[in-house]
Amino acid sequence: MFTVPLFLRTSGIIIILIGLLYGVAPQAVWPALLGWVVVPPELHALRAFMGLYIGIGVLLILAARREVHWRSGLILEAAFMVGLASGR
């Protein structure tokens, strides 16, 4: 059963990278990718999203380390993805 930790680690790393894309330099990234101009109130929201994404990614990576935490990691992953899908 090495596929569960691999899945949790991979998705954790991807979520962290997406979180960094949200908050590290939103004034440069968002106009280049989507053509959106980011104003100061949106900067705070994007940085908050970055913190949430990094936190969830770290939890997924930590859940991959021990077999007793795999189920919790998978439930977190499912809840995160359902939240993303329902918010779109």
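Author: A nonpolar core is a set of buried Ala, Val, Leu, Ile, Met, Phe, Trp, Tyr and Cys residues joined through side-chain atoms within 4.5 Å. The model under discussion is predicted.

Reader: Which residues touch the most other members of the largest nonpolar core?

Author: The largest nonpolar core holds 15 residues. Helices α1, α3 (40–63) and α4 (70–87) each contribute at least two residues to this core. The members that touch the most others are Leu8 and Ile15.

Reader: Which helix supplies the largest share of this core?

Author: The buried residues of α3 include Leu43, Leu46, Met50 and Tyr53. Those buried residues pack against α1, α2 (26–34) and α4. With 6 residues, the largest share of the core comes from α3.

Reader: What span is expected for α3 at 1.5 Å a residue?

Author: The expected span is 1.5 Å times one less than the number of residues in the helix. Helix α3 has 24 residues, and the computed reach from its first C-alpha to its last is 35 Å. This reach is close to the expected value of 34 Å.

Reader: Is Ile13 buried, partly exposed or exposed?

Author: Ile13 lies in helix α1 (residues 3–23). Together with Leu17, Leu20 and Val24, Ile13 forms a nonpolar surface patch with about 360 Å² of accessible area. Buried means under 20% relative accessible area and exposed means over 50%. Because its relative accessibility is 47%, Ile13 counts as partly exposed.

Definitions and conventions: Residues numbered from 1 in each chain as written. Predicted model: local features only at pLDDT ≥ 70, side-chain atom pairs only at ≥ 80, totals over all residues. Heavy atoms only, no water. Patch = residues over 30% accessible without salt bridge, like charges linked within 9 Å, V, L, I, M, F, W, Y side chains within 5 Å. Areas by Shrake-Rupley, 256 points an atom, 1.4 Å probe, with all protein chains shown as cover. Salt bridge = Lys/Arg side-chain N within 4 Å of Asp/Glu carboxyl O. Helix = DSSP H or I, 4+ residues; strand = E, 2+ residues; numbered from the N terminus. Buried < 20%, exposed > 50% of the residue type's maximum accessible area, 1.4 Å probe, protein only. Contact = heavy atoms within 4.5 Å.
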